[in-house]
2 protein chains.
Amino acid sequence: MNLKAKGSKAERELLHLFWEAGWACTRTAGSGSTTRPAPDLLAGNGEIVLALECKAFSGSNKYFEKNEIEQLETFSNIFGAESRIAIKFSRKPWYFVKIADLKNSGKNFGINLKLCEEKGQKFEELTSNDRKI
Amino acid sequence: MNLKAKGSKAERELLHLFWEAGWACTRTAGSGSTTRPAPDLLAGNGEIVLALECKAFSGSNKYFEKNEIEQLETFSNIFGAESRIAIKFSRKPWYFVKIADLKNSGKNFGINLKLCEEKGQKFEELTSNDRKI
């Protein structure tokens with residue numbers, strides 16, 4: 001499975017998790033190939049909208065392009081959504097991390113499993129009714 | 001251009017209109033082919049989220065399947081969005097119509113240009129700051 005197919009599979013997996021938790025969720029068409037900022041997923045529960053950039057990978061460190069993160073912030077600010085990076089390491093649960101909690105080198109944004117475990121929320125925490133923002 | 005390509009072109013046209021008006025907007029991947037309710041477009045301006053089913057056509061009357069409308073309502077209720085049908089007749093502006101204003105025959109939902117002109121909003125009315133909901 002190539003990287004793009006793997007990414008789409010991870011997005012669909014997360015989309016179904018949201019629906020099963022009672023949220024509505026859509027995948028964005030042309031995410032990564034349109035000139036307009038476009039998060040991978042949008043999820044809403046009548047109170048909160050989440051704009052998500054999703055990444056599933058097998059390594060231990062991951063970097064995001066500055067532009068990718070800036071576009072997610074721009075989109076979320078205009079739309080009225082909270083932004084999160086959704087991260088899935090092999091054989092680990094999904095973690096949801098705020099942009100402010102990524103390691104910002106100035107050139108790009110880094111994340112690893114340790115940072116996810118320290119700063120991230122798991123799916124059940126993110127979607128629970130008494131969630132902390 | 002086949003119907004699907006024509007539909008995608010109309011959706012992209014509307015997506016850019018929203019961005020140019022200062023809204024954020026996404027097209028949904030797999031709309032019409034996923035098992036989950038999925039509007040064609042989601043647009044937000046920090047205050048309102050709109051879930052849109054888009055149709056561009058050349059005839060004078062159009063019918064929507066009951067299922068299509070029900071899915072738009074379901075999605076909008078869970079997500080926390082206002083639902084609208086976005087209609088584009090040849091050489092006419094986009095009209096935005098509420099589900100409640102469609103002609104409901106019990107089996108399907110009908111719309112024509114006259115109904116759009118009477119009940120629908122134009123893009124500028126829909127997206128203006130002092131819009132009437």
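These notes cover a predicted model with chains A and B, starting at their contact and ending at one residue of chain B.

1. **The contact.** Chain A gives 22 residues to the contact, and chain B gives 22 residues.

2. **Helix α2 of chain A: length and end.** The helix has 14 residues, and at 1.5 Å a residue they should span 20 Å. The C-alpha atoms at its ends are 20 Å apart, in agreement with that. A:Gly80 follows α2(A) and has a positive phi, near 95°.

3. **Helix α2 of chain A: its buried face.** Which residues of α2(A) are buried? They are A:Leu72, A:Phe75, A:Ser76 and A:Phe79. Viewed down the helix axis, the buried residues lie within an arc of 95°, so they line one face of α2(A). Their packing involves both chains. From chain A come β3 (49–57) and β5; from chain B come β1 (24–27) and β2 (41–44).

4. **Strand β6 of chain A: two covered faces.** Side chains in a regular strand alternate between the two faces of the sheet. In β6(A), residues 94–97, both faces are covered. A:Trp94 and A:Phe96 are buried on one side. A:Tyr95 and A:Val97 are buried on the other.

5. **Strand β6 of chain A: its partners.** β6(A) pairs with β5(A), residues 82–89, in the antiparallel sense over four bridges. Here A:Ile87 is opposite A:Tyr95. The hairpin of β5(A) and β6(A) has four residues between the strands, and A:Arg91 in this hairpin takes a positive phi near 60°. β6(A) also runs antiparallel to β9(A), residues 121–122, with two bridges joining them. In that pairing A:Phe96 stands opposite A:Gln121.

6. **A sheet in chain B.** Three strands form an open sheet in the order β4-β8-β7, with antiparallel pairing. Which strands stand at the edges? They are β4 (61–65) and β7 (103–104) of chain B. Each has a single partner strand, so one side of each lacks a neighbour in the sheet. β4(B) is joined to β8(B), residues 108–112, by five bridges. B:Lys62 is opposite B:Ile111 of β8(B).

7. **B:Phe123.** This residue belongs to helix α4 of chain B, residues 123–127. Is B:Phe123 buried or partly exposed? It has 16 C-beta neighbours inside 10 Å, so it counts as partly exposed; a buried residue needs 20 or more. Leaving out residues up to four places away in sequence, B:Phe123 touches B:Leu17, B:Pro93 and B:Trp94. B:Glu11 is 112 residues from B:Phe123 in sequence, and their C-alpha atoms are 14 Å apart in space.

Note on methods. Residues are numbered from 1 along each chain as its sequence is written. Chains are lettered from A and ligands numbered from 1 in the order in which they are written. This is a predicted model: local features need pLDDT of at least 70, side-chain atom pairs count only at pLDDT 80 or more; totals for chains, interfaces and linings use all residues. Two residues are in contact if their C-beta atoms, placed from the backbone, lie within 7 Å. A residue is buried if 20 or more other C-beta atoms lie within 10 Å of its own, exposed if 12 or fewer, and partly exposed in between; C-beta atoms are placed from the backbone. Two strands pair if DSSP finds at least two bridges between them. The expected span of a helix is 1.5 Å times one less than its number of residues. The arc is that of the directions from the helix axis to the C-beta atoms.
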